[in-house]
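User: I'm new to reading protein structures. Could you walk me through some features, step by step?

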Amino acid sequence: FDPYRVLGVGRSSSQADIKKAYKRLAREWHPDKNKDPGAEDKFIQISKAYEILSNEEKRANFDRYGDAGESQGFAQQQHRQFHRFHDGFYFDESFFHFPFNSERRDTSDEKYLLHFSHYINEIVPDSFKKPYLIKITSDWCFSCIHIEPVWKEVAQELEALGAGIGVVHAGYERRLAHHLGAHSTPTLLGLINGKITFFHNAVVRENLRQFVENLLPGNLVEKITDKNYIHFLSDWKKDNKPHVLLFDHMPVVPLLYKLTAFAYRDYLSFGYVYVGLRGTEELSSQYNINVYSPTMMIFKEHIDRPADVVQAREMKKQLIDDFLSQNKFLMVARLTSQRLFQELCPVKKSHRQRKHCVVLLTGEGEKFAEAYEAFLTFAVANTKDTLKFVHIYSDRQPEFADALLMDEEKYRGRSAVVILERRNNAGKIAYKALEEAWQGSKEDNFILLDLLDQLRTDPGLLSSETVVADLNDELAPMFLVRWFYSTLDYISDCWDSLFHSNWREMMPLLSLLFSALFILFGTVIVQAFSDSSDTRDSSPSGKEETAAKTEKNDASFSKESNSRIPKKGFVEVTELTDINYTSNLVRLRPGHMNVVLILSNSTKTPLLQKFALEVYTFTGSSSLHFSFLSLDKHREWLEYLLEFAQDAAPIPNQYDKHFLERDYTGYVLALNGHKKYFCLFKPHRSGDEGGTLGSCEDYDALQHAEARGKPSCSPGSRSIKNKLHKLSFWMERLLEGSLQRFYIPSWPALD
């Protein structure tokens, strides 16, 4: 069926030419006007051709894939009822029943149909053993019809090679289609190790085969030549796996072999020898390879001769599976994980299915090599279905070895043989150990052989029981390696999604990304402007810079605004001024107090240093705020408050000639703005602190001396600091609530 030929137009015709040709032919072949017996079939073909060519998407699909043979069956529609169209043309209702309708769906896909629960519970776990090629289709999907022949051929071919095939009907399995990320039909995707990869190329056989092959890891099969075959086969001890060699005359590794290597990668290591390549003659000659037919060899502990061989003119999947499933383990495999232990030594299910494990507990190095070789020779000579010979390194699995040997002195530093049987999955085992250490002598062989013969007739020979812990996974990759590979997979997924995924899927991720960038750059810009304004508004004076240098090795304080963020080890001390007086005192929140230090310009630096030291331990309380008040600026405000304090100081009248000489530096006031009271700390002025105050007497004497205008001493910076001696004890009493409180009717203005 060629719609261009039916309408009589060329492939480069415009939509106007196609519509014109369609109208002309529809009028000519309409069954009501044309009595020709074939007019009805001809009209249906014209309608279908116009339906294809008038839709740009369908036209492009036809140009890309072709539609040969799809017109068959239209002349044999059973139900023929016509309805009038708006412009006077008639269309057959059966025109809408294409061969891709559910009633005519190809039954070859039915065995591949997937359901959500089946996909989650079976397909995803199975994808760790083989890759899956999945098609998402639906009814009324014209493009699905185009790819059907190619899909059917490739599905049969890949299934025979060992790949999985799946079909999802989006109309009936919308949940699964949405889970797979398919928003249109047809969609082809691959599934391997639980990871989904979308197919984006033309649907042809070669592309689909290459797509499935690209899903597989690149290091599954190693290319083997005369130079590296010995190294490859000798890795059996390191990998704890048999090694498989496939000899074939194909220059590239066959897909069948790659799929097989992926399915058995946990048990076997695979190598490929291209017999037609120069540099493989020695290898082919040593093992007597027939270069005209594929040959598969499996090597175990002995690399000079294969443990098993299979040769066939055409390697089939079933033949390879049977061959490999019988050779999954070494003759004396090493127990390197709990999974391997469970496979080699399964739990007994019945008396007829008893399986015993003969375990050699040994060590690494040449010291234990002779004992191991003797045990291997014994195992090869006594292989049976009911016996498994294994060995384990005691230093790598110490808990397992201690549970069986009880840390007996006679086994220390030597090899030992234990016969065991697993009783349940919880770790319970029955066992019997050879009385003496295993040295591989003839006597040891006879003793072990005699025990195995007795075990056949007397299962009660395994008289000891114990519980062993799960084995450590010795071959598991390091955390950093796993993290690295996980990161690479994540980056690969993001890259693939960025360029190939539906943009509707990407919108949430892009929205989150741009939102984060907007917040980040917005914060940086706001912070930059804020820092520049702070620098302009608060440039430190020369005296403050000098004070800051002095405080480097002492407690630090801050005299900036309340908005400044204190650093660790610093005390934020704010100057109480008329600007912040209301917020820092008058309207202070209930339960909060402002601890105010009284100082002068001359005593500012030493007093603030000492004050910071004394109150630093109390800065963790969120209800305490620390400030200082300049006596030179606000003496009258202070004198007004002290009038409400009993015996705080002699109260002079305003005409006292010593009014401005009275020293209030070192006073500390704890102000409760909400309840209108304060607590008072009076400076410490005793002269018994190592003579720091010289001949200064007690506080009252000093007060009278000051009142007479004759100060008895001239204290230096150290004597000034001692004014705040024992301030920390006063702070403790403040927090306890045991200090005397002086109430006032209202807070005076701070002018």
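Predicted model: local features only at pLDDT ≥ 70, side-chain atom pairs only at ≥ 80, totals over all residues.

User: Where do Glu 153 and Arg 205 lie, and how many residues apart in sequence are the parts they tie together?

Analyst: Glu 153 sits in helix α6 (residues 142–161) and Arg 205 in helix α8 (residues 205–215), so the pair ties together parts that are 52 residues apart in sequence.

User: How many salt bridges turn up in the whole structure?

Analyst: A search of the whole structure finds 24. Another one joins Glu 465 and Lys 428, with the closest N and O atoms 3.6 Å apart. Glu 465 lies in strand β17 (residues 464–467) and Lys 428 in strand β16 (residues 428–433), so this pair ties together parts that are 37 residues apart in sequence. Glu 465 is partly exposed at 44% relative accessible area, and Lys 428 is partly exposed at 32%.

User: What about Glu 421: which residue does it form a salt bridge with?

Analyst: Its partner is Arg 423, and the closest N and O atoms are 3.2 Å apart. The side chains of Glu 421 and Arg 423 are also joined by a polar contact of 3.2 Å. Glu 421 lies in strand β15 (residues 416–422). With a relative accessible area of 0%, Glu 421 is buried, while Arg 423 is partly exposed at 25%.

User: Okay, on to surface patches. Which residues form the positive one?

Analyst: Lys 19, Lys 23, Arg 27 and Lys 33 form it. Take Lys 33: you'll find it in the loop between α2 (15–29) and α3 (39–53). Its relative accessibility is 63%, so it counts as exposed.

User: And which residues make the nonpolar patch?

Analyst: Leu 513, Phe 514, Leu 517, Leu 520, Phe 521, Val 524, Ile 525 and Phe 529 make a nonpolar surface patch of about 850 Å². Phe 529 lies in helix α19 (residues 503–537) and counts as exposed at 60% relative accessibility.

User: Last topic: the backbone. What do most residues and peptide bonds look like?

Analyst: Most residues other than glycine have a negative phi, and most peptide bonds are trans. Now look at some cases here. The peptide bond from Thr 185 to Pro 186 is cis, with omega near 0°, and Pro 186 is in the loop between α7 (174–180) and β5 (187–192). Asn 193 isn't a glycine, yet has a positive phi of about 55°; its place is in the loop between β5 and β6 (195–198). Lys 676, also not a glycine, has a positive phi of about 60° and sits in the loop between β23 (668–672) and β24 (677–681).

Conventions
Residues numbered from 1 in each chain as written. Heavy atoms only, no water. Patch = residues over 30% accessible without salt bridge, like charges linked within 9 Å, V, L, I, M, F, W, Y side chains within 5 Å. Areas by Shrake-Rupley, 256 points an atom, 1.4 Å probe, with all protein chains shown as cover. Salt bridge = Lys/Arg side-chain N within 4 Å of Asp/Glu carboxyl O. Lys, Arg positive; Asp, Glu negative; His and termini not counted. Charge placed at Lys NZ, Arg CZ, Asp CG, Glu CD. Helix = DSSP H or I, 4+ residues; strand = E, 2+ residues; numbered from the N terminus. Buried < 20%, exposed > 50% of the residue type's maximum accessible area, 1.4 Å probe, protein only. Polar contact = N/O pair within 3.5 Å; in protein donor to acceptor, adjacent residues only side chain to side chain.
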